[in-house]
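The following note sets out, point by point, what may be read from the coordinates shown below. It is intended to be read with the structure open.

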Amino acid sequence: MTSLQKNLFYNTLVRQFRKTYRDAIDKCYTICVPINDSYESNVINDHFMSAHILKASPLLKSHFVAANNKHNFDVEIDGQTLRVTRVNEMMKTYLILPKYLDDAKDRIKCIIDWGYENFSQLPSLSGISSNDLQLDTAIETEELSQMEAKTTPLEKLYCLRKTLDLVTQQMTKSVEEKHFLLPVKTDPICIMSDDLIAAVICVLTSVKPKRFESEINFIQTFSWNLPQNNEFGYSSVTFEVVKEFIKNYDINQKSHKTSAKGDTKGHKSDDNSSVNAKHYSNMSSPLDRELEKISKMIDISSISTDSSQSTNANNDSNDDLGEFLGSLNRNSFGVGFGKQY
Amino acid sequence: MSSNATQLSQQQFKIVLLGEGCVGKTSLMLRYCQNKFTENHESTLQASFLTKKFIINNTRVQLSIWDTAGQERFHALGPIYYRDSNGALLVYDITDPDSLSKVKSWVKELRKIRGNNVVLAVVGNKTDLLSPQQQSNGADNQIIDEAQKYSQSVNAYHYCTSAKSNRGIDDLFLDLTKKMLAQNQLIQEQTQVKSRSSASAPNQRGLTIAADPPTDEEEGADTRRNKCC
């Protein structure tokens, strides 16, 4: 944290809002000084300043209100925690009477509007959806497709590592852009193995690198002289885990479930399976086939999610086909992703 | 300066981090490694692989801490992470008995795969949630008691930490490193003894030609051959 002498808010208050500052000092008001970078510098104006000059609440102990009475909020100081609230104030001081329900309604609406305006963009990790994690595959494609052209295990391994770095960067960007819009400095968010694996699977399904399994096997077989206990080793293991996960992912169970659900979809699924069987027979390895299937599942799932005119059948297929990404999303992206320290 | 540097031996250890969700694995890992990264750490979010370097007993040590995929769906893939690991941190939440049961299953798996080559540390995290009395008494907690007894029974070491209040974490890693160094030393000694005993074996040049006794078929074939000739 920067010292008070280097604090932008404090310096602006002392130099440009001298009268307000003097007044606050004379009347022994409490000045709440926000740290640098917790707000945009262009928001500093008279309104912003006055919202940070507080006086003791006439009603509640340890509570403060804006000194100029023009801001309708309540600040509670609990040890080192600062809570800005309006609901509490109303709950504690407002008595709802039958004839004043309209007034109560208006006040609550006012609080909701205020809360929505101020907190609607608060970070919401649990609300991260698969769409938010659509990674910029252009960069990863480049790295992964280059891997085939490389000759040595080290060169190939470098491509994997670079891909992981890019995936991490992309996830970071995505979280920062979509879920941490408030300019409040928060604790670092950590991307852990579960999140990384899920993201790499998503990337692979869209990139569909050629002979992925062979490439991984080649790297592992011929990397005996490369150090395993570093970032390269970690990258190699992560991709190996991804490879094994895709290979062992049981899609047949899901398709069986789909066909067993109802006769109405029987024809459709039969048609699909015959087409798929033809298509998959042209693929080079079992892993490629699984990758293709998962990729198709995700595609269908996203199409049905995007479509506003989805039918019941579409919803069913979304439930089943999107199970893979959906489950990752619920369990990995929803909870684990962006674990906050 | 340079002469000092050359005197130091170097050791690299791989530590895998295991634990159910929400037991505080990430916090533990970051709390320990953040001292090194300090301000720069915020620029990176990749926390699944972190390293820590320090010097202990004239040995330059580098710990690579690998976060493992802990979700049930990735459970079968755990052994890929355990490969070549020297130590394992099995973290449980001292307020959640289920997290300890999970630790037990991981211990079994690790012992099955790595045998006694891995040093196991069972870590009860979130001690800040204990009452002040329990904190002062140390083991006055049923889950911790159980974990301690279990750790002894499986030749693992038990530690209590609080990532939140930064308690016990440095000691945990330091102690684990000492144990891994000792383990390495032991393995080296055992290897030396083996090689020495094989080298000192009388009338042997390290090559033994073992001839299988002839089977009935071969004997029959021999007699047939003899007959032909």
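**Note on the two chains**

1. Chain B contains eight helices and six strands. The model is a predicted one. Along the sequence, the elements of chain B are arranged as α-β-α-β-β-α-β-α-β-α-α-β-α-α. Chain B has 229 residues, of which 42% count as buried. When contacts between residues at least 6 apart in sequence are taken in chain B, 72% of them join residues at least 24 apart.

2. For chain A, the secondary structure amounts to 15 helices and seven strands. This chain has 341 residues, and buried residues account for 42% of them. Of the contacts in chain A between residues at least 6 apart in sequence, 64% are between residues at least 24 apart.

3. Aromatic rings deserve a point of their own. Over all chains there are ten aromatic pairs. One of them is formed by Tyr32(B) and Phe173(B), whose rings are stacked, at 3.8 Å centre to centre and with 10° between the planes. Which parts of chain B does this pair tie together? Tyr32(B) belongs to helix H2 (residues 25-37) and Phe173(B) to helix H7 (residues 169-199), so the pair connects parts that are 141 residues apart in sequence. Tyr32(B) is buried, at a relative accessible area of 5%, and Phe173(B) is likewise buried, at 1%.

4. The charged end of Lys52(B) is placed over the ring of Tyr32(B), at 4.9 Å from the ring centre. Tyr32(B) therefore has a part both in the stacked pair with Phe173(B) and in this arrangement with Lys52(B), while being buried under the 20% limit. In the other case, the charged end of Lys179(B) sits over the ring of Tyr157(B), and the distance to the ring centre is 4.4 Å.

5. Tyr234(A), Phe49(B) and Trp66(B) are linked by ring pairs into a cluster.

6. The next point concerns helix packing in chain B. Two packed helices are described by the angle between their axes and the distance between the axes. Helix H4 (residues 97-114) and helix H6 (residues 142-153) of chain B pack at about 10°, and their axes are 10 Å apart. H4(B) is therefore roughly parallel to H6(B), as the angle falls under the limit of 35 degrees. On the H4(B) side the contact is made by Pro97(B), Leu100(B), Lys104(B) and Val107(B), and on the H6(B) side by Ile143(B), Glu146(B), Ala147(B) and Tyr150(B). By class, the residues of this contact comprise six nonpolar, no polar and two charged.

7. Is Ile94(B) buried or exposed? Ile94(B) is placed in the loop between strand S4 (87-93) and H4 of chain B. At a relative accessibility of 1%, Ile94(B) counts as buried. Leaving aside residues up to four places away in sequence, Ile94(B) touches Gly124(B), Asn125(B), Lys126(B), Thr127(B), Leu130(B), Asn141(B), Ile143(B) and Ile144(B). One of these residues, Ile143(B), also takes part in the contact of H6(B) with H4(B). The C-alpha atoms of Ile94(B) and Asp145(B) are separated by 10.0 Å, and these residues are 51 apart along the chain.

8. Backbone angles in one loop of chain B call for attention. Asn57(B) lies in the loop between strand S2 (49-56) and strand S3 (59-67). Although Asn57(B) is not a glycine, its phi is positive, at about 50°. Asn58(B) is found in the loop between S2 and S3 of chain B, and its phi is near 60°, a positive value in a residue other than glycine. With regard to accessibility, Asn57(B) is exposed at 62% relative accessible area, and Asn58(B) counts as exposed at 59%.

9. Gly79(A) is situated in the loop between strand S4 (74-78) and strand S5 (81-85) of chain A. With 65% relative accessibility, Gly79(A) counts as exposed. Its C-alpha atom is separated by 9.5 Å from that of Ser62(A), a residue 17 places apart from Gly79(A) along the chain.

Definitions and conventions
Residues numbered from 1 in each chain as written. Chains lettered and ligands numbered in written order. Predicted model: local features only at pLDDT ≥ 70, side-chain atom pairs only at ≥ 80, totals over all residues. Heavy atoms only, no water. Phe/Tyr/Trp six-rings, centres within 6.5 Å; stacked < 30°, edge-to-face > 60°. Helix = DSSP H or I, 4+ residues; strand = E, 2+ residues; numbered from the N terminus. Buried < 20%, exposed > 50% of the residue type's maximum accessible area, 1.4 Å probe, protein only. Lys NZ or Arg CZ within 6 Å of the ring centre and 35° of its normal. Axes fitted to C-alpha atoms, helices over the stretch in contact; angles between N-to-C directions. Parallel < 35°, antiparallel > 145°, perpendicular 65-115°, else oblique. Contact = heavy atoms within 4.5 Å. Nonpolar A, V, L, I, M, F, W, Y, C, P; charged D, E, K, R; others polar.
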